[in-house]
Amino acid sequence: MADAHYELPELAALYDLESGWSDDRDFYLALAGDEPRHVLEIGCGTGLVARAMARAGHRVTGIDPAMAMLDAGRQAPFGDRVTWLAGTAQDFSLEDRFHLVFMTGHAFQVLLSDDDIRKALANIRRHLQPGGSFVFETRNPALAWERIFEKRATLAAGEGDVPVEWRVLWRRGELIRFDTHYRLAAGERVSESTLRFVPSDRLGHFLHEAGYSIRAVHGDWDTSPFDAATSREIIVHAVNPA
Ligand SMILES: C[S@@+](CC[C@H](N)C(=O)[O-])C[C@H]1O[C@@H](n2cnc3c(N)ncnc32)[C@H](O)[C@@H]1O
């Protein structure tokens, strides 16, 4: 099964232990600002940021194709304040037009083909108010992610520790394929993932083609400028021109 860690309830329940609160979450929370706004997170998963924004008083909608992730988010603290919807970045359709749409937790990297990226960017722009922002991040392909991804961890789950191991299978072109092995008490579960690492110049091309203007590109969560050779992240603040 592809990306079982989003689709299987017993693995989705571990997601917030694996990907907890960090600087990137603070960056997005600050973006929503102090005035209550209607914001949209795409690829929200369990909605770590979406729930924090709802807690801060914003009206938040979260979209994700994985029902197990949406269910985990609904049951988590402040989950009852978020509107959760099943859908993909390429195909979701809402009446609302948003001041801020964002994709975080590197969710943008699940878009593997040029066609998926083009469809998602066009669909997201359709859902922005004039002058509205689409903000997202993707890992800079200049780094040796095939080595960085190879790691082990132990997740302290309620039912006992869960050892986890990430194994990279290959890196080809802009894609990296890896497996995540979870040693649950009930036996091993393996989640297969492929992510795309789009270079910054190519990303800029996709965004211009889709009609966005680019307000900023950061290389880290402290908003330092992007450096193609050394930055870990490509953090893009794109705008739907008014
Ligand atoms: C790494 S998780 C990020 C979750 C959340 N944004 C966070 O920051 O914790 C990636 C999410 O993207 C979702 N996803 C997969 N394919 C997608 C698509 N085509 N459109 C939108 N989201 C997708 C997955 O189900 C998963 O919940």
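Domain 1 and domain 2 bury about 1,500 Å² between them, and carbon and sulfur atoms give 66% of that area. Buried area here is the accessible area (1.4 Å probe) that two parts lose on being put together, summed over both. Of the area that domain 1 buries against domain 2, Leu14, Glu18 and Arg139 supply 31%, more than any other three residues.

The model is predicted: local features need pLDDT of at least 70 and side-chain atom pairs count only at pLDDT 80 or more, while totals for chains, interfaces and linings use all residues. Residues are numbered from 1 along each chain as its sequence is written, and side-chain values use heavy atoms, with hydrogens and water left out.

The domain assignment, which is automatic or taken from a database, gives domain 1 as 4-139 + 198-239 and domain 2 as 145-195. Their C-alpha centres lie 22 Å apart. Domain 1 brings 16 residues to the contact and domain 2 brings 19, with contact meaning heavy atoms within 4.5 Å.

Across this interface the rule finds 2 salt bridges (a side-chain nitrogen of Lys or Arg within 4 Å of a carboxyl oxygen of Asp or Glu). A salt bridge joins the side chains of Glu174 and Arg202 at 3.6 Å, N to O.

The ligand is surrounded by 18 residues (a heavy atom within 4 Å), and the closest are Tyr15, Arg25, Glu41, Gly43 and Asp64.

| Residue | Protein atom | Ligand atom | Distance |
|---|---|---|---|
| Arg25 | polar side-chain atom | oxygen | 2.4 Å |
| Thr104 | polar backbone atom | nitrogen | 3.0 Å |
| Gly105 | backbone N or O atom | oxygen | 3.4 Å |

The protein covers 91% of the 600 Å² of accessible area that the ligand has on its own, by the Shrake-Rupley method with a 1.4 Å probe.

Methods. Polar contact = N/O pair within 3.5 Å; in protein donor to acceptor, adjacent residues only side chain to side chain.
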